[in-house]
Protein chains: 2
Amino acid sequence: MIRMYPELFAKLVECLRQLPGVGEKSAQRYAFFLLEKDEEFLLEFAEVLKRVKKELHPCPRCGFLQSGERCVICDDLSREKDRIMVVSYDQDVVAMEKTNTFNGVYHVLGGVISAKKGIYPDDLNINSLIERVENNAVTEVIIAISPTIDGETTALYLDKLLKDKGVLVTRLASGLPMGASLDYADELTLIKALNNRRKFEE
Amino acid sequence: MIRMYPELFAKLVECLRQLPGVGEKSAQRYAFFLLEKDEEFLLEFAEVLKRVKKELHPCPRCGFLQSGERCVICDDLSREKDRIMVVSYDQDVVAMEKTNTFNGVYHVLGGVISAKKGIYPDDLNINSLIERVENNAVTEVIIAISPTIDGETTALYLDKLLKDKGVLVTRLASGLPMGASLDYADELTLIKALNNRRKFEE
């Protein structure tokens with residue numbers, strides 16, 4: 001019944017509806033909201049949309065989003081270039097950076113191996129990771145992929161590829177998330193938490 | 001931690017974050033999704049954003065969104081111009097049009113009276129409604145405002161203004177929504193449903 005609206009408005013709703021998880025109702029709400037915004041904001045938004053595709057690309061070294069030659073992390077001289085953390089998505093880099101505890105560099109795969117979705121190793125930035133490990137003085141590769149079924153598959157695959165490259169391959173710990181209730185944890189998490197139990201630090 | 005992203009990407013996230021109910025996580029998700037879209041879509045989206053503010057305005061007669069001189073409904077010669085349905089928002093017009101049962105015209109108030117939000121009669125398209133009723137051969141004004149507290153206030157206010165204008169003022173029925181469970185209905189709805197009970201149609 002979008003035909004009741006002027007064509008231009010209907011187009012705006014259609015554009016917004018493309019966003020993931022946004023239905024017609026939300027798209028209409030967003031569209032009316034945008035109509036209320038000042039012209040300046042809309043022009044800036046439009047300008048940004050026009051530029052992103054041209055100006056943003058994966059970093060040729062690590063795959064993280066960048067607008068210049070290299071991403072901010074690869075460009076940063078203070079980062080330890082010999083430790084590479086492998087993540088699935090750009091967002092994971094940002095999540096990890098929020099912790100302020102890792103000072104190495106990243107490698108963004110662009111997804112996980114998934115037979116179901118038809119995503120195979122060649123579809124991911126895996127070859128470039130192997131090359132990077134082979135051609136640089138890398139001491140540790142930390143696999144930081146979400147421990148889902150596909151994530152585990154990907155992690156095991158990478159471990160297999162990397163283990164004879166003379167580099168330490170580690171992975172993030174699995175266990176109970178902080179603040180979680182033990183009786184709400186799923187069995188697999190409990191098993192992991194038990195198997196990976198550790199001594200109290202002294 | 002949006003500073004990890006290139007500035008242009010951060011700007012895109014910021015724009016998307018302005019949308020109602022969209023937090024940082026969703027905005028990032030939308031932004032990455034837009035990056036995956038083809039250039040053509042992004043340019044069209046940008047174009048629409050640039051144009052909406054200039055080209056879309058409330059219909060000078062009824063207040064519904066329009067891009068020409070009059071809205072599609074006021075422009076439609078087959079509509080009964082003597083019956084005006086008063087609604088709060090543009091979306092309500094569309095919701096009502098979906099039913100295909102009303103062939104009159106609309107008047108969009110642009111909101112409801114709300115002391116809490118500081119919205120008073122002068123902030124709404126109420127004067128233009130009164131003028132419209134006074135200067136045209138209007139036989140019925142149907143008040144179709146959501147029966148919330150503010151909506152009821154607005155409806156009663158309009159009824160008071162209109163009742164000595166020689167026009168029939170009606171309002172949408174309140175009662176149980178179709179398909180609802182009686183035992184889940186709130187008390188006020190049950191009271192309305194009981195008070196407004198009616199004979200079976202023969």
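A:Asp90 is found in helix 4 of chain A, which spans residues 90-98. The model is predicted.

**A:Asp90**
- A:Asp90 is buried, yet has no salt bridge.
- The nearest side chain of opposite charge belongs to A:Arg132, 12 Å away. A salt bridge needs a nitrogen-to-oxygen distance within 4 Å.
- Leaving aside residues up to four places away in sequence, A:Asp90 touches A:Gly63, A:Phe64, A:Leu65 and A:Val108 in chain A.
- From chain B, A:Asp90 touches B:Tyr5 and B:Phe32.

**Extent of the interface**
- Chain B puts 53 residues into the contact, and chain A puts in 53 residues.
- About 5600 Å² is buried between chain B and chain A, with carbon and sulfur atoms giving 75% of that area.
- B:Met4, B:Leu8 and B:Lys53 supply 13% of the area that chain B buries against chain A, more than any other three residues.

**Polar and charged pairs**
- There are 2 salt bridges between chain B and chain A.
- A:Glu39 and B:Lys54 meet through their side chains in a salt bridge, at 3.6 Å from N to O.

**The chain B side**
- Elements of chain B that give two or more residues to the side touching chain A are helix 1 (7-17), helix 2 (24-36), helix 3 (39-55), strand 2 (65-66) and helix 4 (90-98).
- Helix 3 of chain B gives the most to this side, with 15 residues.
- By class, the side of chain B that touches chain A has 31 nonpolar, 16 charged and 6 polar residues.

How values were computed
Residues numbered from 1 in each chain as written. Chains lettered and ligands numbered in written order. Predicted model: local features only at pLDDT ≥ 70, side-chain atom pairs only at ≥ 80, totals over all residues. Heavy atoms only, no water. Contact = heavy atoms within 4.5 Å. Buried area = accessible area lost by both parts, 1.4 Å probe. Helix = DSSP H or I, 4+ residues; strand = E, 2+ residues; numbered from the N terminus. Nonpolar A, V, L, I, M, F, W, Y, C, P; charged D, E, K, R; others polar. Buried < 20%, exposed > 50% of the residue type's maximum accessible area, 1.4 Å probe, protein only. Lys, Arg positive; Asp, Glu negative; His and termini not counted.
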